[in-house]
Amino acid sequence: LCGWTGSGSKMWGRDWAEGALFERSEYKSSYYGPLTSKAHDGAQFVFLHTLSGSKGQTSYLVSPALADVAAMQFWFHMHGKDMGALAVEASNGDAWTTLWSKAGQQQAKASDPWRLSGRVPLPIGTTRVRFAGVRGGGFASAMAVDTVTFTASPTKGWTYMPGKHCY
């Protein structure tokens, strides 16, 4: 994910920024996924997994500056018995608003397919979006995001970050 940065708590075994773009074969365990699975698109994806920290701690993956975007969509994977929550938040430069969220394990097996978020409408004037990863109660989970795309209007197609080829 070109130009995206990590922020917030560093409680996870890998923060979004530190754990970004790992080859899917680097970590393999039956406790979490999709690290035993493949990326939705290509060979890499961004992820968080919970080797340490406390329940409820949050890390963020923040987009570069955005302009003229009406909606976004992405693929996600949330496997592990200790799964917390994943949310998408948008900002107009002042405050963050939650637009989409999922809590708890969404894939029964690490090898289960990625899920598409569906269209996530963005408020007029959105300047940034971020993924908020909230730690569950233990170490056995990982959440991942891949193929984040945006559209400027309901009649236009989906694209990666404007002016950049990102996955």
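Two strands pair if DSSP finds at least two bridges between them. Helices (H or I, at least four residues) and strands (E, at least two) are DSSP runs, numbered from the N terminus.

This is a predicted model: local features need pLDDT of at least 70, side-chain atom pairs count only at pLDDT 80 or more, and totals for chains, interfaces and linings use all residues. Residues are numbered from 1 along each chain as its sequence is written, and side-chain values use heavy atoms, with hydrogens and water left out.

**Exercise 1. Find the antiparallel partners of strand E5.**

Step 1. Locate E5: residues 71-79.
Step 2. Take E11 (residues 142-151). Eight bridges join this strand to E5, antiparallel. His-79 stands opposite Ala-142.
Step 3. Take E9 (residues 120-121). Two bridges link this strand to E5, antiparallel. Ala-71 faces Pro-121 there.
Step 4. Take E8 (residues 115-116). This strand also pairs antiparallel with E5 over two bridges. Phe-76 has Arg-115 as its bridge partner.

**Exercise 2. Decide why E5 counts as largely enclosed.**

Step 1. Set the cut-offs: buried means under 20% relative accessible area, exposed over 50%, partly exposed in between (1.4 Å probe, protein chains only).
Step 2. Apply them. Eight of the nine E5 residues are buried, so the rest of the structure largely encloses the strand.
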